[in-house]
Amino acid sequence: MSDAAANAAVLRAQEQHTAATVARGRLVIDPRVKLCALVVANLMMFLHVSPMVQTVGVLIFALPMLLGGKALTAAHMLGFYAILRAVDWASVTFAGSAPWLHFFGASATGLLLMLPCIVAGMSAFCTTRPGDLVAALRRLRLPNAIIIPAIVLLRFFPTIAHDYRMIRSSMKLRGICGFWRHPMRSLEYVLVPLLMNAANVARDLTVSALTKGMGLQGNRSSASELRMRAADWFALALICAPMLLHILLP
Amino acid sequence: MTDIVCELSDCTFRYADAESGAALRNATLRVRAGEVVVLTGRSGCGKTTVTRMLNGLAPEHFAGQLDGRARTADCIAGDTSVNNYVTRVGSVFQNPKTQYFHANSSDELAFPCENVGMEPAQIRARISERLREFDIEHLRDRSIIQLSGGQQQQLAVAAATMLDPRAFVLDEPTGNLDADAIERLRTMLMQLKCAGNTIVIAEHRLAWCAGLADRYVLFDDGQIIGEYSAREFAALPAQQLRDQGLRSRDLSEQQQRIKRIIAQAESAETIENPALLSTKNLVVGYGGRGLLAHITHRRAKNAFAREVPDAELRGGRIIGLMGCNGAGKSTFARTICGLGKPLSGEILLDGKLAKPAKLANNAAMVMQDVNYQLFADSVREEVMLETEMRGGADAADMCSARERCDEILRELDLLEFADRHPMSLSGGQKQRLAIATALMARKQLVVLDEPTSGLDYTHMMQVGELLRRLADRGVCVLVITHDEELAAHFCDRILRFD
């Protein structure tokens, strides 16, 4: 390709990227902002914020999913949250007349503590392309020793479900299914082939990745260029809102 | 004087953990710029070792002792780190499923460029360029695990071109692919060849190399025993190649035979040999039947349904299932084994309507990756697994069961490994172990999924003989395969799925 043509191609690629914020009707938020949401969610958990602040938090953390094309997942999570809130409220209101509700109330409270983290985490992973997530980790200057395992984890996740199904099929044909009768043995029968397979894949993967430069020292770039745009700064401010509410309100 | 890109000068290589002798002995080879050279020979002949020396993996990653000099561009194996080979050599390996590093296809293409610190916009431009060049725009930004093996391999070749290497080194790239996928891969490599690239391919499946290769180098037991131009190679007698463990150069004879087998009407032997399994109006498939789907009137994203013409499967026969990927071969096999419910229609076992649980009792499957089905700590324990789990047998029963177990192991040449861990066996031995467990459980149907993928001629024939011995015991053997040589030689019947 001639130099002029190559330069033109590079310029085109740059334009395409800047236009990618609202692509195909979906909102794409910088992954660093979503990781920030995860941190705020953890803070909310530690500080035991009030129910109203928690509700505001969960709604805000679910926004990336709602606007990012994963509305159904967000709806499920929010529905689950609403049910937990209702159980919690019921166990407090009817504490006198129905003491047995306490058990459900306590469980609901425990789950409610974790839900903002779960929603923030799901938002981060469902709506972010793996490459963008890795780019975010690189921009945060995390060492390779953390980034490379993160990439490999993201790569292995989908294969585990597939492997598990194959192993269950084999177990079914061999007639060695009884999970309830021999739970530990069944776990072993699933884990050993799963891990052996993972070890084999890891071996081939290392060889392939070495030939593509995994072992190179020096600065690595990222194909995704992360830039904080107005929408991202606004989202960041919105994410900090629950903490602000928690401090300001009595 | 044309540039010599890859050069081996009197190279001898011995792997560090090798029990036997050298993997490669006194090999001398020169590959000129723009040439396509095919290194061929049976499994273990040394061709893979040569590819590893050409892309810097040996002796750095695959430790061993190297005598002699192996050079690719300006890199010397042993002196130059494999990191420096990254921009000189693009490598493609056999297994499409274990080669990719990222979960997403665009990230995988960007990976080599990111590692060398290329400008982001330039990386994106180059990705677009390659996708357009190879006509694989439909592979942009996809989840790699959802691609077919052929598409994954196309992606691997595209990824190898990302840094504009001086040479490409491919190690049996078509081992696990069907005919269509092989054709697409061949087209990509022809494109690379026409652009003047240097390509070295280690292969024993020769049919697809015709017209692509300029030169063939024949290996046997670590030594180069012949170098031929494309024309000279085409003139070699077929038997000589088969003796060397190579697959046929020309598969048209096998394809004719397969057509004849398909067209053959089932001989009328219903009385002495009633059908083990028969299907009526069977529709196999998955997805789109859940409760949620009924309520929302929406089919699940990957729903699939296929009508199957009524079939009768008899014991003592080897039945081939052939057809392109995605046509329903695996789904049919799984339904017959009771691993999935049919969407509609009936399956009869010994003349009686059978539910999936009964079918599962009757069937065994040897998967393409046998690692998913070995559970015990030793070979003998693996074969005795169901017997031990059932329990409740007295000492005499257990004794006779153990005798049967040893008998089966002896027949399958596994008795000497009886105390070894199943995962320490070779691929072929694991296959035989899986068959041993099926024999022990007295299964009447054994389904094998691509048992010969990646095997050279000798080993393919061995697997075929094994299937024949199985069938002679009265077992109904169902083989899912796109290996035309296996099907032509050994299948009594072939069901075509298209």
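Reply: The account below begins with the contact between the chains and then turns to the parts within each chain.

The model is a predicted one, and every value that follows is computed from it. Where chain B meets chain A, the contact takes 64 residues from chain B and 57 residues from chain A. The area buried between the two chains is about 5,500 Å². Carbon and sulfur atoms give 61% of that area.

Between chain B and chain A the count is six salt bridges, whereas over all chains the count comes to 35. One of the pairs joins A:E225 to B:R124, and the closest N and O atoms of this salt bridge are 3.0 Å apart. The pair crosses between chains: A:E225 is in the loop between α8 (183-211) and α9 of chain A, while B:R124 is in helix α4 (residues 120-133) of chain B. A salt bridge is also formed by B:E108 and A:K212, with the closest N and O atoms 3.7 Å apart.

Within chain A, the domain assignment gives domain 1 (15-129 + 226-248) and domain 2 (157-211). The C-alpha centres of these two domains of chain A lie 34 Å apart.

Two packed helices are described by the angle between their axes and the distance between the axes. Helix α3 (residues 51-67) of chain A packs against helix α9 (residues 230-248) of chain A at an angle of about 175°, and their axes are 9 Å apart. The angle makes α3(A) roughly antiparallel to α9(A), because angles over 145 degrees count as roughly antiparallel. From α3(A), the residues that meet α9(A) are A:V53, A:V56, A:G57, A:I60, A:F61 and A:L63. Their partners in α9(A) are A:L238, A:I239, A:A241, A:P242, A:L245 and A:H246. By class, this contact has ten nonpolar, two polar and no charged residues.

Chain B is divided into domain 1 (4-250) and domain 2 (254-497). Their C-alpha centres lie 34 Å apart, and the contact takes 16 residues from domain 1 of chain B and 16 residues from domain 2 of chain B. The area buried between these domains of chain B is about 1,300 Å², of which carbon and sulfur atoms give 38%. Across this interface the rule finds two salt bridges. Elsewhere in the list of charged pairs for chain B, B:D483 forms a salt bridge with B:R247, the closest N and O atoms being 2.8 Å apart.

Two details of the backbone of chain B complete the account. A cis peptide bond joins B:A58 and B:P59, with omega about 0°. B:P59 has its place in the loop between α1 (47-54) and β4 (64-72) of chain B. B:D10, which lies in strand β1 (residues 4-15) of chain B, has a phi near 50°, a positive value in a residue other than glycine.

Notes
Residues numbered from 1 in each chain as written. Chains lettered and ligands numbered in written order. Predicted model: local features only at pLDDT ≥ 70, side-chain atom pairs only at ≥ 80, totals over all residues. Heavy atoms only, no water. Axes fitted to C-alpha atoms, helices over the stretch in contact; angles between N-to-C directions. Helix = DSSP H or I, 4+ residues; strand = E, 2+ residues; numbered from the N terminus. Parallel < 35°, antiparallel > 145°, perpendicular 65-115°, else oblique. Contact = heavy atoms within 4.5 Å. Nonpolar A, V, L, I, M, F, W, Y, C, P; charged D, E, K, R; others polar. Domains from an automatic or database assignment. Buried area = accessible area lost by both parts, 1.4 Å probe. Salt bridge = Lys/Arg side-chain N within 4 Å of Asp/Glu carboxyl O.
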